[in-house]
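Please look at the model below before you read my notes. Keep it open as you go through the points.

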Amino acid sequence: MKQDHTPSTPWYRQAVIYQIYPWSFKDSNQDGIGDLRGIIEKLDYLNDGTPDSLGVGAIWISPIYPSPMKDFGYDISDYCGIDPRFGNLDIFDELVEKAHARGIKIIMDLVTNHTSDQHPWFVESRSSKDNPKRDWYVWHEPRPDGSAPNNWLSVSGGSIWTLDEKTGQYYLHNFLLEQPDLNWRNEEVQKEMQKVLEFWIGHGVNGFRVDAASHFVEDSLFRDDPINKGYIDGETNPYDKYSHIFSTNQPEIKKIIGLMCDISEKYKDIFIVSETYLGLEEIKRFYRFCDPPVHAPFNFQLMSLPWQAEAFKIYIDRFDKSMMPLDVPTYVLGNHDRDRVASQRGSNESRAAALLLLTLRGTPFVYYGEELGMKNVDIPKKLLRDGFVKTSEGMFSRDPERTPMQWDSTENAGFSKVAPWLPVANDYKTVNVEYQKKDSASMLILYKTLIRLRNTNKGLLEGSYRSLNTESQDIFAYTRNSDNQNFLVMINFSNNKITEPLPTGDFECMCTTHLDVPTGQKLNGTITLRPNEGYLLKYS
Ligand code: NOJ
């Protein structure tokens, strides 16, 4: 689908970016695991240039590098290869070529905070204290009583430190003990990682999603994190027992992201988006890491705000206002680490959330299956696969949001002919691509419609954002205006029907979340919104 934009606008301010969790997208060789050929098979679904396809402009593929898969690819043992479960470099090149032919850019997941403990660098590093690669990782002497150097915690549970019996020192791992952290203060590590970016740019990729950016460096004095006063034993995630002021978000992150941006600018048009679960003030700081801004942090706030019009208005106003002209605002409803939006918010709410995501001023990220309203799947304990289940003592698993994509109503939802690595959702007979294609009011049609409208209307792609005051406190309303296109979005965040005055002027309906109001229908004076219903209107 051709986008209506000025050539000077970089692609990453235009494209809808679709996240593929490769384990679960499409299995082409019937081993129960998704793979690169499976993604190739489904490129037309993503964008075949016609309004029948989803119309995404880029795919971000979660890690596909060789890996022992302790953290399903987020533990890399070779940065410049493809895990045989997914294919090989030739198939990857074919994927890039075929995606580009359809106008789809490729974003690689760059997991550079840590490697796998099986990576040859770590194998060398742990072999002796005087190995040349010792300093490539973060090693520390025990305390005098032999215990871990300080109180820092690992995100996946337990201490951040593990003792290496052989050399008598502890190594640091922000995640599983099989994921030792690289020492980003070491210049050889910095150079090596820049080469990794260049390797993949050489293979045609257009951007990188940088994993765990908040964790790149820790306090050089290794000071204990202070107790988090808001922590409630048994309720709060044990990781949050301390405020991570010394173990995360250190000022040197700016330099590290800067090194990636240097590569991006050298090759032009490469986008870097970094993973950080931060509040607005810190996100603003991340936005200033590169100039010109070829880098943006993820803005995850839409996932955690209470479902209230006022909360969304206040946050989005503040976020939008904080953007400098060339910044790339980002919005996300879900990913492979968080509950699916349809489970977290509910069905109608997630339709309203889709309207928001695709009409706000910013680059939207869509997690595979979100466009079908796929929900978290209740997985029996014995079938859970996430490595964090064990280390968090059963506190959490991310498997429920990682289940196979639901393509059709055949066995295993058309994902694979054999039993998949995680169970398929029970609702797959009706929540699937083929079924929803034929249902004119389905979530899939809503996503397709909104993405098409976004791709083809300058007002939605590039227009300014301004929220409006409303009579009802349950309605969030905003305009998106460009030179000659003016749009109005109105969303009812409540479970009640609300009649709200419209701004002065005549409007025509472009799309509603229930998809049952004819396009082009004229409106003026007032509008009545059903519970959690949203409208996209155009000033006529
Ligand atoms: C964030 C990734 O999104 C998550 O899936 C992974 O477990 C950790 N980083 C460690 O790489």
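This is a predicted model: local features need pLDDT of at least 70, side-chain atom pairs count only at pLDDT 80 or more; totals for chains, interfaces and linings use all residues.

1. Residues are numbered from 1 along each chain as its sequence is written, and side-chain values use heavy atoms, without hydrogens and water.

2. Start with the fold. The protein has 15 helices and 19 strands. These are DSSP runs (helices: H or I, at least four residues; strands: E, at least two), numbered from the N terminus.

3. Next, overall dimensions. The C-alpha trace spans about 75 × 50 × 50 Å along its principal axes.

4. The residues around the ligand (a heavy atom within 4 Å) include Asp71, Tyr74, Phe175, Asp211, Glu275 and His336. The shell divides into 3 nonpolar, 2 polar and 7 charged residues. Here Asp, Glu, Lys and Arg count as charged; Ala, Val, Leu, Ile, Met, Phe, Trp, Tyr, Cys and Pro as nonpolar; the others, Gly among them, as polar.

5. Which distances separate ligand oxygen atoms from N or O atoms in the side chains of His114 and Arg209? For His114 the distance is 2.9 Å. For Arg209 it is 3.1 Å. A polar side-chain atom of Asp337 lies 2.4 Å from a ligand oxygen atom. The protein buries 97% of the 300 Å² that the ligand exposes when taken alone (Shrake-Rupley method, 1.4 Å probe).

Methods:
A polar contact is a pair of N or O atoms within 3.5 Å; within protein, one must be able to donate a hydrogen and the other to accept it, and residues adjacent in sequence count only if both atoms are side-chain atoms.
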